[in-house]
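Biologist: Hi! I'm new to this one. Could you walk me through it?
Modeller: Happy to, here it comes.

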Amino acid sequence: MKAVWYEKQGNASEVLIYGEMETPTPKNNEVLIKVHYSGLNPSDTKRRIGFRGQKHAFHSIIPHSDGSGIIEAVGSNIDPKRIGERVWIYSAQWQRPFGTAANFVCVPSNLAITLEDSISLEIGATIGIPALTAYAGMFKYTNPKNKTILITGGAGSVGNCAIQMAKHAGATVISSVSGDNKMKAALTAGADHALRYDSKNFADDIMKITKGEKVDLIFDVALGTNLKTNLDVIKDHGIISTYASDKKAIAEIPFQKFLLMNLTLYSVFMYLLPDKMMQHALEFIKDWQINSGIKPFIAEVYPLEETAAAHLALESGKTIGNIIIDCRN
């Protein structure tokens with residue numbers, strides 16, 4: 001099969017190799033998927049460069065945890081009726097060497113989730129990490145229905161997904177973004193309001209929208225940078241959840257303020273979600289597909305042989321929308 005892999009960490013253009021590898025065979029409890037599209041996420045590029053000390057865990061690594069395709073074969077203990085099923089994939093490369101940037105991938109059967117007929121395989125490749133992260137960030141301690149949520153970075157893959165999911169759940173959504181094009185992306189996803197986070201009056205702008213009411217929950221992409229502002233707009237007994245803090249890794253917590261406001265702060269690392277929460281997330285995502293439909297948020301589709309260029313495009317920060325890799329040839 002054709003695949004992309006790397007044998008050492010480094011710059012995408014220097015370490016990613018495109019060539020032939022042996023097609024895998026499904027083992028016990030696994031399925032073999034003919035990959036149609038591979039979904040690219042920041043965690044894939046961070047793992048490739050060794051971001052914050054991540055180690056090169058295997059001799060050869062086929063990157064990417066998300067994807068979509070058709071089940072081609074099954075291992076023992078798996079119902080052969082799954083052959084031919086359209087699926088979306090998550091965590092393909094988590095603690096395993098071979099991800100979805102290839103013509104074929106083997107994953108445990110529970111990581112290959114039935115894709116509803118109404119959802120294209122292209123969109124299916126964008127569900128995994130963004131949707132599961134968004135679910136954990138908004139549903140762990142509350143039901144967003146009738147709540148007001150601030151979603152920072154609404155034009156990112158996770159933020160955009162979070163907007164759609166929050167609206168499906170019945171929330172009022174305010175999203176912060178860094179530019180006018182990103183504001184349009186957040187509104188297209190369904191945000192009720194989109195604001196520039198670099199506004200000098202950001203907190204006041206939120207208060208005007210909410211008529212003086214602070215927000216119930218903040219789902220944040222940059223905790224270290226945003227913490228002070230978050231505390232200005234979150235209500236007592238509110239919840240702040242976060243999945244990233246790339247620019248400022250250390251966030252100083254004003255404990256007394258947190259204490260007196262009785263706030264909840266928690267982080268989301270999608271790969272380690274408890275089984276019960278994962279099942280709830282998968283049920284929600286299925287309902288979202290059927291009853292609301294997932295709005296496409298795909299910026300670019302690269303052929304498999306141009307995976308390095310796709311990585312560089314994602315790392316540039318200039319792309320608005322998901323990047324996927326066409327693995328069909």
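Biologist: How many salt bridges does the structure hold?
Modeller: There are nine salt bridges, each being a side-chain nitrogen of Lys or Arg within 4 Å of a carboxyl oxygen of Asp or Glu. This is a predicted model, where local features need pLDDT of at least 70 and side-chain atom pairs count only at pLDDT 80 or more, while totals for chains, interfaces and linings use all residues. Residues are numbered from 1 along each chain as its sequence is written, and side-chain values use heavy atoms, without hydrogens and water.

Biologist: Which residue does D192 form a salt bridge with?
Modeller: With K167, and the closest N and O atoms are 2.9 Å apart. The pair links distant parts of the chain, 25 residues apart: D192 is in the loop between helix 6 (180-189) and strand 10 (193-196), K167 in helix 5 (residues 157-169). Helices (H or I, at least four residues) and strands (E, at least two) are DSSP runs, numbered from the N terminus.

Biologist: What about R328?
Modeller: R328 forms a salt bridge with D326, with 2.7 Å between the closest N and O atoms.

Biologist: Is D326 buried or exposed?
Modeller: D326 is buried, because its relative accessible area is 17%; buried means under 20%, exposed over 50%, and partly exposed in between (1.4 Å probe, protein chains only). R328 has 42% relative accessibility, so R328 counts as partly exposed.

Biologist: And E20?
Modeller: The side chain of E20 meets that of K2 in a salt bridge (3.2 Å, N to O). E20 is exposed, at 53% relative accessible area.
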